Amino acid sequence: MNVDKSQLLKALQNAVEEVNLSLPADRQISSDPNAVLYGEGSPLDSLGLVNFVMAAEQHVGDETGLDIVLASESAMSRKRSPYRSLRSLADYAAEIAAGADAA
């Protein structure tokens, strides 16, 4: 299924807004598509990433009708992490939606 990457990015930004409601000001996630989401310079630890990914899957499902799993062995084993930014996560979600989830 082909889905608009801008629609996926918007769903991820909505997930950022939701997760930020429960984070202290100094641990807020940036909604900038190119900002570091996870890794060096990120406000998220591994538990924070899990919480964000769960919210992201829900928002993507609600806003696009896609039932996708963003946390998978395939995602974790990639050389370039799909969790490095919102843009890379949106690209990964589009890849899954297209059925091209190749490591």
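Is Lys5 buried, exposed or partly exposed? Lys5 is partly exposed, at a relative accessible area of 45%; buried here means under 20%, exposed over 50%, and partly exposed in between, with a 1.4 Å probe and protein chains only.

Before going further, note that this is a predicted model, in which local features need pLDDT of at least 70, side-chain atom pairs count only at pLDDT 80 or more, and totals for chains, interfaces and linings use all residues. Residues are numbered from 1 along each chain as its sequence is written, and side-chain values use heavy atoms, with hydrogens and water left out.

**Stop 1: Lys5 and Asp91**

Select Lys5 together with Asp91. Their side chains meet in a salt bridge, 3.4 Å from N to O; the term covers a side-chain nitrogen of Lys or Arg within 4 Å of a carboxyl oxygen of Asp or Glu. Lys5 lies in helix α1 and Asp91 in helix α4, so the pair ties together parts that are 86 residues apart in sequence. Helices are DSSP runs (H or I, at least four residues), numbered from the N terminus. Asp91 is partly exposed, at 32% relative accessibility. Side chains of opposite charge can pair when their charged atoms come close.

**Stop 2: Arg78 and Glu95**

A search of the whole structure finds two salt bridges. Arg78 sits in the loop between α3 (73-76) and α4, while Glu95 is in helix α4, 17 residues apart, and the pair links distant parts of the chain. Arg78 is buried, with a relative accessible area of 18%, whereas Glu95 is partly exposed at 24%.

**Stop 3**

Show α1 (residues 5-20) and α4 (residues 86-97). Their axes come within 9 Å and cross at roughly 125°. Axes are lines fitted to C-alpha atoms, for helices over the stretch in contact, and angles run from 0 to 180 degrees between N-to-C directions. α1 and α4 are therefore oblique to each other: angles under 35 degrees count as roughly parallel, over 145 as roughly antiparallel, 65 to 115 as roughly perpendicular, and the rest as oblique. The crossing of α1 and α4 is right-handed, a term for the near helix being turned clockwise from the far one by less than a right angle, with anticlockwise giving left-handed.

The axes of α1 and α2 come within 8 Å and cross at roughly 130°. That angle makes α1 oblique to α2. Here too the crossing is right-handed.

**Stop 4**

Which residues make the nonpolar surface patch of about 310 Å²? Select Leu47, Val50 and Met54, which make it. Patches consist of residues with over 30% relative accessible area and no salt bridge, joining like charges within 9 Å and nonpolar side chains (Val, Leu, Ile, Met, Phe, Trp, Tyr) within 5 Å. Accessible areas come from the Shrake-Rupley method with a 1.4 Å probe, and for residues only the protein chains shown count as cover. Val50 lies in helix α2 (residues 46-64) and is partly exposed, with a relative accessible area of 44%.

**Stop 5: two buried residues**

Select Pro82, in the loop between α3 and α4. Pro82 is buried, with a relative accessible area of 3%.

Finish with Ser88, in helix α4. Ser88 is buried at a relative accessible area of 7%. From Ser88 to Gly61 the C-alpha distance is 18 Å, across 27 residues in sequence.
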